Amino acid sequence: MEYKNILLIKMSSLGDILHTLPFAAALRQRYPKAKITWLVHPQFAGFVPDAPVIDEVLYFDKVKFNKMGLLDKLKYYREMKALLHSKHFDLVIDMQGLFKSAVLAAISGCSNRIGYCEMREGSGLISKAITGAHSKEHVIERYLDVARYLGAKVESLDDVQFPMPDLSKEAASVQAKLRELGWDGADYVVIVPGARWWTKEWPVEHYVALAKKIAADGKYIVLAGGPDDAPKGKAIAEQCASPLVLDMTGKTSLRELAALIKDCSFYISADTGPLHFAAALKKPLVAMYGPTKADRTGPYGSKNSEVILSPASCAGCLKKNCQNWHCMHDIKPEMVYEIYEKKVKAHG
């Protein structure tokens, strides 16, 4: 089927948006003449690819929506319905697979709706789940199975593309901010200490110990992340008390954070959104995994990445809360530094 007007629904989060980029590239390769529209939450729109991959971006403002009363929410849905109907989509692809995306797919006015294999919260009743040969593999491969179902040729890792936005303006802004903190233009390591689930976070004291080891080698460390990560960044910087440890947590936009990572020499974090940007850019990196499964959501597409899995017997439990949380503590700073040192020497 040669579709001409396609809606792709993937609204959040940062990591999920980045995981969808190879699918978007494969979709464009399959339908070079189609108009492709991406529906996203505004705060993540900065990572939606520019033309020619994506032609148009539509927004569902979740933050604004959650603050509305019932009547205003119904009005907002009516407005979204009218907007989506006016576009006359002939294919809707729900890559979110949740109730919120199912509602938007349902009110799109398009009867041809598909999604990836893991359709949850009733979304599989609205859009047809596409289960391919890679349904037990990495989430990017699960997404790409939908592209393969549509006829895209994605047969090897060499076919996987991550279309990236132009970050030149953000790079200049970030460098100015770094210089204000005392950076002299030398190579730096980015460490992102936060994560969406607290159970995925590596302990602050472990980051302090690791940062001290890296700083002892004469390397700059830039602590980065969103506003929620700022207390952790401040604590790490204060405990390190080194002019080589620069705290940028909460001081960048998402696109500036991406630019910061793009220009770094090495990247370190737990399982968090910026990790996947570093992987897409094929940065040398180390990632620490405890409650989540690296084979499903780990860094993908780069031979420069290495994952340290917690030695805890309960690792991979997928718990957002835990009464006996120790999996991330069990990954020691020495384990991370050993891999970091080996990779730095290998990249010379």
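In which helix is Ser101 found? It is helix α4. Keep in mind that this is a predicted model.

Let's stay with Ser101. Is Ser101 buried or exposed? Its relative accessibility is 0%. Buried means under 20%, so Ser101 counts as buried.

What does Ser101 touch? Leaving out residues up to four places away in sequence, Ser101 touches Ile9, Met11, Asp94 and Gln96. A polar atom of the Ser101 side chain lies 3.4 Å from the backbone nitrogen of Gly97.

Now the whole helix. α4 covers residues 99-106. Its buried residues are Ser101, Ala102, Val103, Leu104 and Ala105.

Next, strand β7. This one spans residues 188-192. How many of its five residues are buried? Five of the five. Both faces of β7 are covered. On one side sit Tyr188, Val190 and Val192. On the other sit Val189 and Ile191.

Which strands pair with β7? One is β8, residues 220-223. Four bridges join β7 and β8, and the two run parallel. Within that pairing, Ile191 stands opposite Leu223. Another partner is β10, residues 266-270. Again there are four bridges, and again the strands run parallel. Here Val190 has Tyr267 as its bridge partner.

Note on methods. Residues numbered from 1 in each chain as written. Predicted model: local features only at pLDDT ≥ 70, side-chain atom pairs only at ≥ 80, totals over all residues. Heavy atoms only, no water. Buried < 20%, exposed > 50% of the residue type's maximum accessible area, 1.4 Å probe, protein only. Polar contact = N/O pair within 3.5 Å; in protein donor to acceptor, adjacent residues only side chain to side chain. Contact = heavy atoms within 4.5 Å. Pairing = 2+ DSSP bridges.
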